[in-house]
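Let's take a walk through this one together, starting with what sits inside and what ties it together. Have the viewer open and follow along.

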Amino acid sequence: MSTVIQKPLDHQPPSLPPTQSVRLTINSQESHFTVAPWTTLLDALREHLDLTGTKKGCDHGQCGACTVLIDGKRINSCLTLAVMRDGADITTIEGLGTPENLSPLQQAFIDHDAFQCGYCTPGQICSAQGLLNEGKAKTEAEVRELMSGNLCRCGAYPNILSAIMEVMDKDGLIMDTKEWSAGGAKPEMDPINS
Amino acid sequence: MNSFTYARPDDITEALREKSIQVETTKFIAGGTNLLDLMKENVERPTRLIDLNRLPLSQIEELPDGSLRLGALATNADTAYHPEVQSRYPLLNQAILAGASPQLRNMATDGGNLLQRTRCYYFYDLATPCNKREPGTGCSAIGGYNRIHAILGASAECIATHPSDMCVALAALGATVQVSHPTGERSIPFEDFHRLPGNTPHLDNNLTPGELITSIDLPAKGFEKNFSYLKLRDRSSYAFALISVAAALELDGDRITDARLALGGVAHKPWRDQEAEALLIGQPATSDTFRRAAAKVVEGAQGQGSNDFKIELAKRAIVRALKQAAEMSEEVNVNVFQNSNP
Ligand SMILES: Cc1cc2nc3c(=O)[nH]c(=O)nc-3n(C[C@H](O)[C@H](O)[C@H](O)COP(=O)(O)OP(=O)(O)OC[C@H]3O[C@@H](n4cnc5c(N)ncnc54)[C@H](O)[C@@H]3O)c2cc1C
Ligand code: SF4
Ligand code: FES
Ligand code: FES
């Protein structure tokens, strides 16, 4: 039935779909670039914009290493396309603080020794920043649950937790101080959000 | 990932038109958390993506009859934390928060959640036969490793489970799915939305390829006083359910005047059992009553080898969830945060 068409395949290079232009505000800076539609936001950040602080762990939404903030909300940058985020305001680990002026979470991670190899750390810190922005966690159990999207193969969890709890405590965000146990020292402040 | 073209329409008509041009090979994308995952594995290979994110479908609003409309593009996080959902449909709030991670829930949409595909490992693995991925090739899970597979409603062609938590609560609550297609609209009762595998395991649900989910509507009755979403899994967070139970009761003193019971992780669709519900209604809220309902649910359940334990687990989980719903003890509130192992 069907007609066989003999095509000189070698002489016809496959035509790729056109690249698409994307405009993002990244760490308060406007950025314009063109990418193939299948480029994930993670690959755009790392490969096109040289922002290699954001890490690729699993590339499947299972580890949280690629966590960035979009309009203040944490997401996995490996499971979204750069073109889908055209016009978005993105904060990566590079935008949270500078070596001279670390963000409170960055400083707390250092103070609490909250990492070993450091590979999960940018994702942990961006995720913790998202957690603070959301304001849903008030107890240690809730922080643990709402940080469960970030895995740490080195098992630095107790210190990650105590770093986050310290920042929350300083901000007066902890409701149940009895539960606070991870970091050893007990927070001095009384809960203000009861 | 294969190469594809991309479009981002601003309105529903345009999205439906774009989709209709090559309806089988064009895919909608919303949060992307399931579709992109499957595209990276070459399980899904669309040639064109229609990005739904600019469509005006992310509202959550009350309708005149008291029901609550969840826009298809509302994120799972915005839905779970919406004040109306928290106060009127706490069962749904719990089910959503029991699933995935905060990052994923910030991306995942309500429409996409309904259409997420099974987590059957063979479905993901192109090197193995799978009737769902490639009809007619066989089912590797039957006689293979099937710890996460179905105990109810399976067929000789597929024993996969639907992985959603949110959908288990939606089944219990009796939601309605609103759908648009190029020539009109239709409503699909939640129980008729997902399918059993039968001899068409490649079809997960009854949506036709050209259709768009526009919203999910929750009936006015939310069972906000007595409910429980119990999710049992291999680790206490960020894992799919082995068994989950959505239980909701209406009580008059000790007597059950209305009941809802649905299970996740047991079948190709969220498994609501109205016969078991009927065994609860009119009865005292006691362990005996709950055990009778549990026995009814697993009547005819069949293990596949590695998942035999799920039959007993399902029974116990149902009794526990119903008890929690009846007593509304502290335990209900910690389900989401600290699921103990069965
Ligand atoms: C690591 C990981 C863990 C997870 N854990 C859980 C869990 O524990 N519990 C749980 O319930 N879920 C879990 N999920 C699944 C997650 O909830 C789903 O991936 C998500 O809900 C899908 O929504 P989406 O908007 O991202 O869909 P997309 O990936 O964008 O789309 C999914 C499908 O739906 C179609 N689609 C989307 N919107 C529409 C629409 N409006 N009309 C018609 N078609 C549409 C798309 O074409 C596609 O085929 C997990 C996911 C990951 C990656
Ligand atoms: S259970 Fe279904 S999805 Fe899994 S291998 Fe068998 S046919 Fe495929
Ligand atoms: S790299 Fe994105 S979640 Fe692992
Ligand atoms: S510090 Fe090594 S993975 Fe977390």
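One term first: a residue is called buried when its relative accessible area is under 20%, exposed when it is over 50%, and partly exposed in between. Keep in mind, too, that this is a predicted model.

With that cut-off in hand, go to chain B and find Asp204(B) and Lys132(B), which are both buried. They form a salt bridge, with the closest N and O atoms 2.6 Å apart. Asp204(B) sits in the loop between H10 and E8 of chain B, while Lys132(B) belongs to the loop between helix H8 (121-124) and H9, so this pair ties together parts that are 72 residues apart in sequence. In general, side chains of opposite charge can pair when their charged atoms come close. Over all chains, a search of the whole structure turns up 31 salt bridges.

Two further salt bridges in chain B deserve a stop. In one, the side chains of Asp165(B) and Lys231(B) meet at 2.8 Å, N to O. Here, too, distant parts of the chain are linked: Asp165(B) is in the loop between H8 and H9, Lys231(B) is in strand E9, and 66 residues separate them. Are these two buried or exposed? Asp165(B) has 6% relative accessibility, so it counts as buried. Lys231(B) has a relative accessible area of 1%, so it is buried as well.

The other salt bridge joins Asp258(B) and Lys221(B), at 2.6 Å from N to O. Since Asp258(B) lies in strand E11 (residues 255-264) and Lys221(B) in the loop between E8 and E9 of chain B, the pair ties together parts that are 37 residues apart in sequence. On accessibility, Asp258(B) is at 15% and therefore counts as buried. Lys221(B), at 33%, counts as partly exposed.

Now for the greasy side of chain B. Which residues touch the most other members of the largest nonpolar core? Out of its 39 residues, they are Leu70(B), Leu91(B), Leu92(B), Leu114(B), Leu170(B) and Leu218(B). Several helices and strands of chain B supply at least two residues each, among them strand E5 (68-71), helix H5 (90-97), strand E8 (212-218) and strand E10 (243-252). H9(B) gives the largest share, with eight residues.

Leaving out residues up to four places away in sequence, Leu91(B) touches Ala169(B), Ala172(B), Leu173(B), Phe227(B), Ser228(B), Tyr229(B), Ala246(B), Ala247(B) and Ala248(B).

Over to chain A, and a pair of helices. Helix H4 (residues 121-134) and helix H6 (residues 157-170) of chain A pack at an angle of about 35°, their axes 11 Å apart. The crossing of H4(A) and H6(A) is right-handed. On the H4(A) side, the residues that meet H6(A) are Gln124(A), Ala128(A), Leu131(A) and Leu132(A); facing them in H6(A) are Ile160(A), Ile164(A), Val167(A) and Met168(A). Sorted by class, that contact has seven nonpolar residues, one polar and no charged ones.

Still in helix H4 of chain A, look for Asn133(A). At 44% relative accessibility, Asn133(A) counts as partly exposed. Asn133(A) is 60 residues away from Lys73(A) in sequence, yet their C-alpha atoms are 7.5 Å apart in space.

Last stop: helix H1 (residues 41-48) of chain A, whose buried residues are Leu41(A), Leu42(A), Ala44(A) and Leu45(A). These pack against five strands of chain A: E1 (20-26), E2 (29-35), E3 (67-70), E4 (73-76) and E5 (89-91). Just after H1(A) comes Asp50(A), with a positive phi of about 60°. Asp50(A) belongs to the loop between H1 and E3 of chain A, and it is exposed, with a relative accessible area of 62%. Asp71(A), in the loop between E3 and E4 of chain A, also has a positive phi, about 50°, although it is not a glycine. Asp71(A) is exposed too, at 59% relative accessible area.

Note on methods
Residues are numbered from 1 along each chain as its sequence is written. Chains are lettered from A and ligands numbered from 1 in the order in which they are written. This is a predicted model: local features need pLDDT of at least 70, side-chain atom pairs count only at pLDDT 80 or more; totals for chains, interfaces and linings use all residues. Side-chain values use heavy atoms; hydrogens and water are left out. A nonpolar core is a set of buried Ala, Val, Leu, Ile, Met, Phe, Trp, Tyr and Cys residues joined through side-chain atoms within 4.5 Å. Buried means under 20% relative accessible area, exposed over 50%, partly exposed in between (1.4 Å probe, protein chains only). Helices (H or I, at least four residues) and strands (E, at least two) are DSSP runs, numbered from the N terminus. Contact means heavy atoms within 4.5 Å. A salt bridge is a side-chain nitrogen of Lys or Arg within 4 Å of a carboxyl oxygen of Asp or Glu. Axes are lines fitted to C-alpha atoms, for helices over the stretch in contact, and angles run from 0 to 180 degrees between N-to-C directions. A crossing is left-handed if the near helix is turned anticlockwise from the far one by less than a right angle, and right-handed if clockwise. Ala, Val, Leu, Ile, Met, Phe, Trp, Tyr, Cys and Pro count as nonpolar, Asp, Glu, Lys and Arg as charged, and the others, Gly among them, as polar.
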